[in-house]
Amino acid sequence: MPEWGVYWGFARLRFFDLIANRTRFLIGVLSYFIYVSVYAAVYRAIYAGQASVGGLNIREALTYVAVAWVLRSLYTNTLDREVTEDVRRGDIALSLLRPVDYPWSRVASAAGEALVRAFLFTLPAAVVIASVYRVQPPQGLVPTLGFLLGTPLAFLVYAQLNLLVGLTAVFTEHTIGIQRAKNAMVDLLGGVLIPLTFFPGWAQVILAWLPFQAITYTPVAMYLGELNILRGLLVQLAWVLVLFVVLRRLWRRALDRLTVQGG
Amino acid sequence: MLAKARLSYRADFLVQVGSDLLLQAVDLAFLAVVFTRVKALAGWSFEEALFIYGFFLIPFALFNASFAALSEVGGRYVVGGELDRVLTRPLGSLLQVQLELLRPQALNGVVLGLVVLRVASARLGFTWSPADLLMAVTGVIGAWLVYGGLWVAVASTSFWTQERGIGFFPVFYNTINFSRYPLTLYPGALRFLLTFVLPYAFMAFYPAAGLLRGEYTLFGWLTLPVGLVVFGIGLLVWQRGLARYEGAGA
């Protein structure tokens with residue numbers, strides 16, 4: 001494996017590539033504001049007759065929806081689509097000639113993208129959303145720390161999941177179905193649309209064992225001080241490692257397969 | 001012919017239908033989870049919210065099959081110059097572009113919408129009178145025309161902006177989210193906006209609520225006229241834009 005500097009190069013390249021298109025971010029900020037507005041309205045109606053739902057009061061729930069969507073604006077990327085394209089066009093063979101590890105170079109460029117999104121997209125969206133909705137700051141140092149450390153871990157879980165979906169293109173011709181299934185699960189089962197504590201008890205038991213909660217619910221619950229940060233961070237870290245192992249194994253099998261196809 | 005070609009890849013078709021159903025399942029699951037926590041949402045029961053959502057799916061599917069892909073007009077036709085080819089033929093340019101961009105796979109949403117409507121109306125004990133059917137049909141057509149008018153108008157802006165990408169379409173597309181749920185959820189100013197400025201409330205809520213409750217009957221019947229007006233505006237903007245088109249070759 002070459003030195004880390006190479007991967008920093010991938011991240012930097014992506015950064016400059018993205019800041020060239022600024023109107024896209026303006027539209028993105030507006031879109032996220034719309035998402036939060038729709039779900040905040042639903043939450044307000046849920047709280048019309050009760051003070052506490054799933055362990056959250058209304059201010060916490062509105063904070064939840066805002067932070068969940070703002071966080072989503074940061075980690076979201078299209079690695080799944082891009083890797084599928086690489087496989088289908090055969091570009092992946094070219095990248096194998098380079099002295100870099102393909103999955104790592106992909107995660108690095110996604111990290112570059114997340115960095116751009118953080119400044120051009122997530123921060124402005126957070127400012128706009130917080131100026132309209134009453135969003136609570138994290139209550140104390142520990143929740144702040146939990147959220148700050150949980151955010152990059154959420155990114156790593158999401159990016160690796162996306163990469164896994166993209167790499168399945170080596171084995172199946174189409175990944176659009178898997179991509180859309182994954183997107184749906186990240187939003188619903190990960191807790192973007194609704195806090196996982198709003199689900200019925202039996203569903204919560206299942207959701208706790210899936211990787212999706214590590215992307216949204218866990219970091220946002222740490223932000224709200226609803227979740228012990230040591231436990232939250234360990235769960236996230238465990239999923240980062242599990243997905244890493246799965247990814248390496250799948251990548252090895254994909255390499256075998258690509259070599260066979262390439263002759 | 002293009003539509004037929006698109007339908008001929010069976011695997012593609014099945015994947016599209018399957019993942020579409022999954023996306024709708026997410027919304028249905030969201031509603032189901034919300035209603036484990038409340039009996040009524042802004043005055044609407046689970047069955048009523050389901051009824052509104054089922055109605056929403058039908059014109060939304062028609063829109064996805066017919067108008068949604070107009071977001072490609074800027075890049076492919078106006079800036080890309082494919083409109084040159086279209087303009088040499090003796091048929092309306094908009095109609096041709098639209099026929100080329102048809103996506104019949106998306107029509108599966110109509111079936112799902114009908115199923116959801118049927119289940120919801122059975123659970124509500126709602127009996128369909130001929131007048132109800134007429135309101136539903138004119139409502140679906142009106143709602144579809146609201147989508148159509150908006151998309152034609154936004155697509156036409158590429159004649160002025162020469163935008164290669166999809167421009168402001170994502171904002172209009174994401175705003176559709178407001179029409180999945182009962183309008184009474186939203187604050188007054190937003191309701192006004194969604195009725196009189198960007199008439200997204202006519203995409204599902206007014207026609208569906210018109211069927212469910214007497215207080216919205218008038219708005220329910222207004223869906224078709226509103227759709228015709230919005231579509232008329234869309235056509236007007238297209239004509240204006242087309243007059244500015246100078247072709248791709250310099």
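In chain B, the residues B:E72, B:R76, B:E82, B:R85, B:R89 and B:E100 are joined in a network of salt bridges, a salt bridge being a side-chain nitrogen of Lys or Arg within 4 Å of a carboxyl oxygen of Asp or Glu. The model is predicted, so that local features need pLDDT of at least 70 and side-chain atom pairs count only at pLDDT 80 or more, whereas totals for chains, interfaces and linings use all residues. Residues are numbered from 1 along each chain as its sequence is written, chains are lettered from A and ligands numbered from 1 in the order in which they are written, and side-chain values use heavy atoms, with hydrogens and water left out.

Helices (H or I, at least four residues) and strands (E, at least two) are DSSP runs, numbered from the N terminus. B:R89 counts as partly exposed at 39% relative accessibility, but B:E100 counts as buried at 12%.

The buried residues of helix 6 of chain B are B:S93, B:L94, B:Q96, B:V97, B:Q98 and B:E100.

Over all chains the structure holds 16 salt bridges. One of chain A's pairs is A:R248 with A:D101, whose closest N and O atoms are 2.9 Å apart. Since A:R248 lies in helix 11 (residues 229–262) of chain A and A:D101 in the loop between helix 5 (91–97) and helix 6 (102–132) of chain A, the pair ties together parts that are 147 residues apart in sequence. Both A:R248 and A:D101 are buried.

We turn next to the interface. In all, 29 residues of chain A are in contact with 28 residues of chain B, where contact means heavy atoms within 4.5 Å. The two chains, A and B, bury about 2,600 Å² between them, 75% of it on carbon and sulfur atoms; buried area is the accessible area (1.4 Å probe) that two parts lose on being put together, summed over both. Of the area that chain A buries against chain B, A:I27, A:I34 and A:R180 supply 22%, more than any other three residues. Across this interface of chain A and chain B the rule finds 0 salt bridges, but it finds 5 residue pairs in polar contact, both residues at pLDDT 80 or more. A polar contact is a pair of N or O atoms within 3.5 Å; within protein, one must be able to donate a hydrogen and the other to accept it, and residues adjacent in sequence count only if both atoms are side-chain atoms.

On the side of chain A that touches chain B, helix 2 (23–46) and helix 8 (176–188) of chain A each supply at least two residues, and helix 2 of chain A gives the most, with 12 residues. The residues of this side divide into 20 nonpolar, 8 polar and 1 charged, with Ala, Val, Leu, Ile, Met, Phe, Trp, Tyr, Cys and Pro counted as nonpolar, Asp, Glu, Lys and Arg as charged, and the others, Gly among them, as polar.

Elsewhere in chain A, A:Q213 is found in the loop between helix 9 (201–207) and helix 10 (217–223) of chain A, and A:Q213 is buried, with a relative accessible area of 5%. The side chain of A:Q213 makes a polar contact of 2.8 Å with the side chain of A:T218. Leaving aside neighbours within four places in sequence, A:Q213 is in contact with residues including A:L189, A:L207, A:V235 and A:W239.

Definitions and conventions
Buried < 20%, exposed > 50% of the residue type's maximum accessible area, 1.4 Å probe, protein only.
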